[in-house]
Amino acid sequence: MIDRIAFLGSSSTDGFTYPMLVRQAIAEAQLPVPEFINAGVGGNTTSQMLARIERDVISRKPSICVVQPGGNDAAHNTSAGNFSTSLRGILTRLQEARIDTRLLTLNCVPCKEAERMPLTTAYNNAVRTLAAEFKCPVGDVYGSMKAARARGENLIEADETHPNYEGYRLMSRVVLDLLGHGALTVPSVLKVDAHPGVIAEWKIRAIADAASPALTREQVATLRPQADWKTLTIPESEPQTHWWGEQTRQEGFALSLKRVAGPAAKYIGYAKVVCDRPQAACFNTGGHLQAVWLNGETIFQALEWTGYHAGKERIPVQLRSGENTVVIETGAEFFASLTAEAP
C-alpha cells in the first residue's frame, strides 16, 4: 500500500500546487489518499537537492518519491555531466533506501528556452538515460507543456519563469498518469484546507530598521505586546488577488503584515497557545520565519533557505499545561503551526 509520497524539486514543487491537485483528484475519486510530503525548495539546483535528500526525503520514509530535477541548473550554467552526477546520486540514495522513484522532465519555459535549450535538452536526455538505467518511470512535463504551447495555451506566469495555474494542472495530469491514475480527472478548482494546528491569533509589531539586532533571550523573557501592536488573525479573511496567494492564504499563511502593521524590514509576533495538559508536539515553520521562541527558549533560527512551504522545518517541542507563549521574528510572510504530527 502506498501510504506516503514525497515530491522532491525546486520552486514548482515548493509551492505545492500540482501535488495538492493530485491529492484532491485521488480524494474525489474516493480512493485511499496517501500522505503527501513537500520536499521542494525554491531556487535549488539538482546538487542542492542531493545535499538535503537525507533530511527532506529519506528521514520521512516515503513509499514513493517523485523527483523533478534541473529547475535552476541552467541558470547556474551547470554542465550536463555535473547534472547527471547529482541526479545519479539522488537515484542511488533513493534506491538504497528502497523508495520507489518516479522522474519528471523539466518545465518548458518559453522565454528561457532559446538561450538555455542546449542545456535543457541535455538535462532532459540525462533524465531519460538515468531513468532507463535505474528503471524509473518518467513523466514528460516538458513535452506536454511544449505540445500545449503549440495549441496556443499559456501555461507560464507573468514572471516568465513559473507555471501558472493551468501549467500546474497540466503537471498534475502528468503526475496522475505517472502514479497509475490515468483515469482520474484533474480538478478544475483547487480546494484548500488550512493546515492543522495553525496558530490563529497574533499580536504583530513592525521593526522598520533593517539593522535592528535580533531579539535576545532576555528580551523575549519580558516581551509583552503593547497598545501599538496590531492584531492579526489566521486564516486571513481578505482574499488575495493572485491565485497562488489565495492558495497560501487558505493554507494558513500570514500574508498581510505590511498592510496590518505597516511596511518594515522585519516583524515581531507574539501568540499564546493554551493546553489542557503537558504534551509533546511539533512546531512547523514556513514562509520567511527567521527565529522562534517557545516559552522563552529558542527553538528555531533560520541559518539557510529551506523553502517556503508549510512544515519546511518540523521541530519537536514540549508544551506545558496552561499558557504557552510563542514569539517570532519574521519577514513579511510566515506560517506557524503546532501539531501532534508533522504536516
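Tyr165, Gly167, Tyr168, Leu170, Met171, Ser172, Val174, Val175, Leu176 and Leu178 are the buried residues of helix α8. "Buried" here means under 20% relative accessible area, with exposed being over 50% and partly exposed in between (1.4 Å probe, protein chains only). Helices (H or I, at least four residues) and strands (E, at least two) are DSSP runs, numbered from the N terminus.

Before going on, a word about the model. This is a predicted model, in which local features need pLDDT of at least 70 and side-chain atom pairs count only at pLDDT 80 or more, while totals for chains, interfaces and linings use all residues. Residues are numbered from 1 along each chain as its sequence is written, and side-chain values use heavy atoms, with hydrogens and water left out.

## Helix α8 and the cores

Back to α8: ten of its 14 residues are buried, so the helix is mostly covered. How far apart are the end C-alpha atoms of α8? They are 20 Å apart, and that agrees with the 20 Å that 14 residues should span at 1.5 Å a residue (the expected span is 1.5 Å times one less than the number of residues). After α8 comes glycine 180, with a positive phi near 85°.

Now for the nonpolar cores. A nonpolar core is a set of buried Ala, Val, Leu, Ile, Met, Phe, Trp, Tyr and Cys residues joined through side-chain atoms within 4.5 Å. The largest one has 32 residues, and Phe7 and Leu104 have the most contacts inside it. Two or more residues come from each of β1, α2, β3 (64–67), α7 (141–150) and α8 (165–178). Which element gives the most to this core? That is α8, with eight residues.

## A parallel sheet

Five strands form an open sheet in the order β2-β1-β3-β4-β5, with parallel pairing. Its edge strands, β2 (35–40) and β5 (138–139), each pair on one side only. Helix α2 (residues 17–28) packs on this sheet, where it touches β1 (4–9), β2 and β4, and its direction makes about 170° with that of β2. For such angles, axes are lines fitted to C-alpha atoms, for helices over the stretch in contact, and the angles run from 0 to 180 degrees between N-to-C directions.

Strands pair through backbone hydrogen bonds, either parallel or antiparallel. Two strands count as paired if DSSP finds at least two bridges between them.

| Strand pair | Sense | Bridges | Residues opposite each other |
|---|---|---|---|
| β4 (100–104) and β5 | parallel | two | leucine 104 and glycine 139 |
| β6 (201–207) and β7 (230–233) | antiparallel | four | isoleucine 204 and lysine 230 |
| β6 and β8 (266–275) | antiparallel | five | alanine 206 and tyrosine 267 |

Start with alanine 254, in the loop between α10 (243–251) and α11 (257–261). Its relative accessibility is 0%, so it counts as buried. The C-alpha atoms of alanine 254 and phenylalanine 335 are 6.2 Å apart, although 81 residues separate the two along the chain. Beyond its neighbours within four places in sequence, alanine 254 is in contact with Leu232, Ile234, Glu236, Ala332, Glu333 and Phe334.

Next, find threonine 330 in strand β12 (residues 322–339). Is threonine 330 buried or exposed? With a relative accessible area of 0%, it is buried. Its side chain reaches the backbone oxygen of histidine 288 at 3.3 Å. Residues touched by threonine 330, not counting those up to four places away in sequence, include Leu257, Lys266, Tyr267 and Leu289.

Finally, aspartate 56 sits in helix α4 (residues 53–56), and it is buried, at 8% relative accessible area. Its side chain makes polar contacts with the side chains of arginine 52, at 2.8 Å, and arginine 55, at 2.6 Å. A polar contact is a pair of N or O atoms within 3.5 Å; within protein, one must be able to donate a hydrogen and the other to accept it, and residues adjacent in sequence count only if both atoms are side-chain atoms. Aspartate 56 also touches Ile37, Ala39 and Val41, not counting residues up to four places away in sequence.

Definitions and conventions
Contact = heavy atoms within 4.5 Å.
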